[in-house]
Amino acid sequence: MTGLSEDAVSTALRSIDLVSHYTLQQWEALIRQARPANVLSRIALSVADAGLMDRVPAAPRAHLQAAITVAHAQAEAVRQEVAHIERALAPLATDVILLKGAAYFMAELPAARGRVFSDVDILVPRDALPQVEAELMLNGWATTHLHAYDQRYYRRWMHELPPMLHVTRNTVLDVHHAILPATARLRPDSRKLIAASRALESAPGLRVLAPVDMILHSATHLFYNEDLSSGLRDIADLDSLMRGFSAAPEFWRELTERAAELDLTRPLFYALRYSARMMDTPVAPSALRALASAAPPSWVVSMMDSIYMRALRPHHSLAEDALTPFARRALYVRAHWLRMPPHLLALHLSVKALRREEADP
Amino acid sequence: MIVADLPVGRLAATLAGPGLRLRTGPVVTRIRSTVPEVLAGIALHYSQHPIEDDEGFADFHVQVRPPPSFRRWVAPQLFFDFDGMPPFRPLPRAQAFPMLEWGLNWCVSSHAHQYLIFHAAVVERGGRALILPAPPGSGKSTLCAGLVHRGWRLLSDELALLEPDTQALVPLARPVSLKNASIDVIRGFAADAGLGPIVKDTIKGAVAHMKPPVDSVRRAGEKALPRWIVWPRYEAGTVGRLTAWPKSRSFMRLAENAFNSSEHGRSGFESMAKLIDRCDCFEFVYGDLEQAATVFAALAQQE
């Protein structure tokens, strides 16, 4: 058993032309699975971009149109929010790097097409954190998670401040100083990421990661995450980023060398493996060879295959089997294990368990 | 085929098995449940609604179900389940049918973003639609229930669905939710109103649903163009009168009653401006439903 072989969403994302022959039941299965996987807008725009909207029966088409409406509004909202952040942090003259969704949007990458997300993430140098937080507070952002334990958890152990909520716009901003927690086993050097970042033409006060670093960040985020409910969306991001950037000469060599430099070869190994398996990403054989030494022992790889090929499917009963809950549970534990040394993990999980009882008598 | 064509035993088996694919206006919801209150509520309130066959397309897949654990035996509670995900906290079993209704509202307001959706009742007469947007407690549902028994067609009691391109309002023709004192008011107002059982102690107080009129259900495919926006407010002892209400303030209040303006962004703002432009806007303070109905009958007569 190496995991579930297929789900409706990755099939459609891989070859969108198939949908022009879908029956109503196939549409129903696709929309039901795309919703919890957070990719309905991406699928809807792929259908529209491929000129296939007229081939879709009216009932499912209504859902695609709804998803496209949401995607357009989201694109507007992201641009506005990024402009607010740019304005608020302009006085600081520090590097502010947009991450993930907001970066894909502002850099106008194909991965932004139909990508729906709720928070904007930025990366700033660690020593600039106090000024960045102060400047954001002066401009209407307020910290959340006011419990003393949570504040300490974020500020001492995590790679980000507690999420900041804008008090009038109700938008959430995550301010990172690294791409992995301070307590994690792997410690990629944020200064290297910041040094290699690129200025954005569309927002001169802001920057985005270099192409290879964008991929490494996306991979690290996905393969260290305890919650894979948007895992398929993240795999689709990786696929789209790699397809887009790999046109550049030397891309694959640059990617694997950078992974080695930043201590991120393991997450990149998984990213290439599962992106190729689920999305048919054309990964260069040279990259696979370069990462061979980063692979875990083969019995671990087959176990991880069986786990990830379940956990990355949409969180929907049509895309699950009897082992899927175990796979998700295993990754939840793994993510915590990789993010914290055992004594901290024990403390953290006890505090969370006790507080759950407090909140839910 | 409509729900009433199924004998109760078949209806129960469909709900317990493959699910009932119930059509309400443009929406098909596949409902599954073994809860007797859900069966009774559907048999009463949806008797005239069409059923789609299993090869068709359902927009939403919902269940009203007991929790999986031992909780089903102590203080029985029920979940509204949206395709595997419960969007709300469970409720006591007695509230099964109101919970289904709230859940169906949630399905539409959280997903049907092809429409701009307002929290409002919509009724129609002579091809022109009247929008009654209002916060809870304003007497909106009472007025809506009253008008549909005096010659107006029901489009919806809770959700005004506006098609941005055509500016048409799309009917759902679902039951009207009546609360507290308005239950007796409607019972006195229309003897044949078709009220379901009263469910006490819900988050909204005592709730009873009123069956949508047969004609409104049969005409659920007919959209209507909006003509009036009226802000109702119940005040005991007042003689109902329409007072012109500034369009600017109507716009702001309507925006507050929109469920999905952020999902529509700028184009939603523009659609809303068009809607306000084409409608006459009034405030309507009223104390008597019969008198209110005459005021609206006169409004419908105007050119």
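**Architecture of a predicted two-chain model**

Among contacts in chain B between residues at least 6 apart in sequence, 72% join residues at least 24 apart, where two residues are in contact if their C-beta atoms, placed from the backbone, lie within 7 Å. The structure is a predicted model, in which local features need pLDDT of at least 70 and side-chain atom pairs count only at pLDDT 80 or more, while totals for chains, interfaces and linings use all residues. Residues are numbered from 1 along each chain as its sequence is written, and chains are lettered from A and ligands numbered from 1 in the order in which they are written.

Chain B contains nine helices and 16 strands; helices (H or I, at least four residues) and strands (E, at least two) are DSSP runs, numbered from the N terminus. The radius of gyration of chain B is 19 Å, close to the 19 Å that the globule rule gives for 303 residues, so chain B is as compact as a globular protein of that length. This radius is taken over C-alpha atoms, and the globule rule is 2.2 Å times the number of residues to the power 0.38. The C-alpha trace of chain B spans about 55 × 45 × 35 Å along its principal axes. Of the 303 residues of chain B, 48% count as buried. A residue is buried if 20 or more other C-beta atoms lie within 10 Å of its own, exposed if 12 or fewer, and partly exposed in between, with C-beta atoms placed from the backbone.

Chain A has 16 helices and seven strands. Its radius of gyration is 21 Å, close to the 21 Å that the globule rule gives for 361 residues, so chain A is as compact as a globular protein of that length. Along the principal axes, the C-alpha atoms of chain A fill a box of roughly 55 × 55 × 45 Å. Buried residues account for 43% of the 361 residues in chain A. Of the contacts in chain A between residues at least 6 apart in sequence, 70% join residues at least 24 apart.

Within chain A, the axes of helix α9 (residues 211–223) and helix α12 (residues 265–279) come within 8 Å and cross at roughly 90°. Axes are lines fitted to C-alpha atoms, for helices over the stretch in contact, and angles run from 0 to 180 degrees between N-to-C directions. Helices α9(A) and α12(A) are therefore roughly perpendicular to each other, a class that covers angles of 65 to 115 degrees, whereas those under 35 count as roughly parallel, those over 145 as roughly antiparallel and the rest as oblique. A:Leu216, A:Ala219, A:Thr220, A:Leu222 and A:Phe223 in α9(A) meet A:Pro267, A:Leu268, A:Tyr270 and A:Ala271 in α12(A). By class, this contact has eight nonpolar, one polar and no charged residues. Ala, Val, Leu, Ile, Met, Phe, Trp, Tyr, Cys and Pro count as nonpolar, Asp, Glu, Lys and Arg as charged, and the others, Gly among them, as polar.

Between the chains, 19 residues of chain A are in contact with 17 residues of chain B. On the side of chain A that touches chain B, α2 (24–37) and α4 (58–89) of chain A each supply at least two residues. Helix α4(A) gives the most, with eleven residues. The residues of this side divide into ten nonpolar, six polar and three charged.

Chain B is divided into domain 1 (3–111) and domain 2 (116–301), with bounds that come from an automatic or database domain assignment. The centres of the two domains of chain B, taken over C-alpha atoms, are separated by 25 Å. Their contact takes 17 residues from domain 1 and 21 residues from domain 2 of chain B. On the side of domain 1 that touches domain 2, the elements giving two or more residues are α2 and α3 of chain B. The largest share of that side, six residues, comes from α3(B). By class, the side of domain 1 has seven nonpolar, nine polar and one charged residues.

Helix α2 (residues 36–45) of chain B has as its buried residues B:Glu37, B:Val38, B:Leu39, B:Gly41, B:Ile42 and B:His45. The elements of chain B covering them include α1 (8–16), β1 (20–24), β2 (27–33), β3 (60–65), α3 (96–111) and β13 (205–210).
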